[in-house]
Amino acid sequence: MEFDWIKIPYALLTLFIVLNYGLLMTAIIQKMGARAGRRYGIRFYQNYIDLIKNYSMRSKITHGYMFYLGPVFRLTGGIGLLLFVPTIYGSEMWSNFSFSGDLILALYFVFFGTLGMALGAGESGHPFAALGVSRGLSQVTAAELPFAIAVFTVALQYQTLNFNEIVAAQQGGFLNWTLFTNPFAVAAAMIAFLGMMMRSPFDVVVAPQEIPIGPPTEYHSAYLALMQTNRNIFPIAKIVVYMNLFFGGAGSWPEFMIKAFLLYLVSALVGVVFPRFRVEQSIRFFLIWGVPVAIIGLLWV
Amino acid sequence: MKDEQDRKVPLPDELLPRKIKGPDGFEFEVDPLQDYFCQEPPKEHPPIYVKIVEDFFNWARSESLWILGFGTGCGAIEMRPLMTPRFDAYRYGIQWRPTPRQANLLIISGYLSVKTLKRAIRAYEQMQSPKYVMGLGSCTINGGMYFDSYNTIKRLDEYLPVDMYIAGCMPRPEALLKGFEDLKKIIRAGDAEGANHYAENFELYKENQKKVILDWDMPDYSW
């Protein structure tokens, strides 16, 4: 197989654009959440300052090797997911390192960061971190179930495991999107989406009032900054996957930005309206509402 | 007045060094105050970058103050309005963090009883440098209305390096906002080196702390 070296700077450029887009968009979504609570909200460039501040902290302590590697794994999960999925459809420049069968790899990367975080937070030795991780893993696993079934549905529907071909099959008007050709699969995947975005009602994993911020309890300075970086890349990468699978992909950057914003808004809106679920409630929610819908979608195909 | 030696409170049983028999019959010694904690004193972290970079970092630090959500006295109630719509401190880059590891600013909000001082010291020492301390209300300056109390400390800066006092009993949320703005000016000027001051005068601070905390049952420095 021939490898085009120019793909590497292009992929890095994609990463750069997505990082900045993520930083600005999360701030604006946070502002909208604040406005819903009748506050003015943070400044739109606050995320940049927080990031610089955390990178510039002078002291850091460690709890062991895995403690170092936890945030690194998490960031790898976010960047890896982004780099192996075509960001913009039909463009050689922005298709990154997509290859036939990248759908399976993407499924791996969605889970990769959580597992790395579990190992890292476990080594920090803080009881709240262990609590948060066990909650997080059980919740994400439950949310992953409808998502995985929905992904298999899509793969079955288009008879391919390649993102480019899946997006190609959805071109030509929005009625060709999976959203309309297989609404059940999309509904199930959107339920899983809410669970994977770590926003209310599924944010008991990082509940600040109950288990002081969960897995990242012991993380600080540059470790925390790495995780913040990932927090701005990973949701966008996940949205790219969703966009490609269910919403016809994006033909250009403006289309990408609008679609990503609207998708993120779905989880933000739900988060503003609904209070937090307990872990067993959210698992039950995914199993009762997510999985049957996903199975109906699978049978539909 | 009792003798210094008589006033010392003995360690509770669970903190004493002792022998423990494991489930497999293996006996081993445990010293709770030594085994789980690092006894090394804190290090100084002087500004190491060239001035323009350090100034830029100081600006970032000043515009992103993360407060440890830890209230000690009646002043804690004055911080709630800052999080809610009326005074909304988030628009000035101020946030509350639930864990000392991620916070930069410790606000001692009002009188500090000796029992709480222990926790305040541990919380302060677990924060990462550069870190700042703010004393809220007259209780932290000279004892305030508790000036003759047997169980509260009178001057906060004998125990922790304070960067900023906000006077009042209690100061209103507006006063706090003004205080934050003044603290930002101090940080931007590069004068908020409280963490280094604490490391430099570590023995002095420990001596003062141990003078009032009689049942000292924790490591000398909490990492």
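Modeller: Contact here means heavy atoms within 4.5 Å, and by that rule 31 residues of chain A are in contact with 33 residues of chain B. This is a predicted model, in which local features need pLDDT of at least 70 and side-chain atom pairs count only at pLDDT 80 or more, while totals for chains, interfaces and linings use all residues. Residues are numbered from 1 along each chain as its sequence is written, chains are lettered from A and ligands numbered from 1 in the order in which they are written, and side-chain values use heavy atoms, with hydrogens and water left out.

Colleague: What is meant by the area buried between chain A and chain B?
Modeller: Buried area is the accessible area (1.4 Å probe) that two parts lose on being put together, summed over both; for chain A and chain B that comes to about 2,700 Å², with 57% given by carbon and sulfur atoms. On the chain A side, A:Arg39, A:Lys53 and A:Arg58 supply 27% of what that chain buries against chain B, more than any other three residues.

Colleague: Why is the pair A:Arg58 and B:Glu54 called a salt bridge?
Modeller: The term asks for a side-chain nitrogen of Lys or Arg within 4 Å of a carboxyl oxygen of Asp or Glu; the side chains of A:Arg58 and B:Glu54 meet at 3.2 Å, N to O, and therefore qualify.

Colleague: Which helices of chain A each supply at least two residues to the side that touches chain B?
Modeller: They are helix H2 (46-55) and helix H9 (221-246), where a helix is a DSSP run of H or I with at least four residues, numbered from the N terminus. H2(A) gives the most, with six residues.

Colleague: What makes the group with A:Leu156 a nonpolar patch?
Modeller: Patch members need over 30% relative accessible area and no salt bridge, and nonpolar side chains (Val, Leu, Ile, Met, Phe, Trp, Tyr) are joined within 5 Å. The patch on the surface, including A:Leu156, A:Phe152 and A:Trp300, has about 930 Å² of accessible area together, by the Shrake-Rupley method, in which only the protein chains shown count as cover for residues. H11(A) gives the most to the patch, with three residues, whereas A:Leu156 is found in helix H5 of chain A.

Colleague: What is the phi of A:Gln159, and where does that residue lie?
Modeller: Its phi is positive, about 55°, although A:Gln159 is not a glycine; the residue lies in the loop between H5 and helix H6 (163-169) of chain A.

Methods: Patches are made of residues with over 30% relative accessible area and no salt bridge: like charges are joined within 9 Å, nonpolar side chains (Val, Leu, Ile, Met, Phe, Trp, Tyr) within 5 Å. Accessible areas come from the Shrake-Rupley method with a 1.4 Å probe; for residues, only the protein chains shown count as cover.
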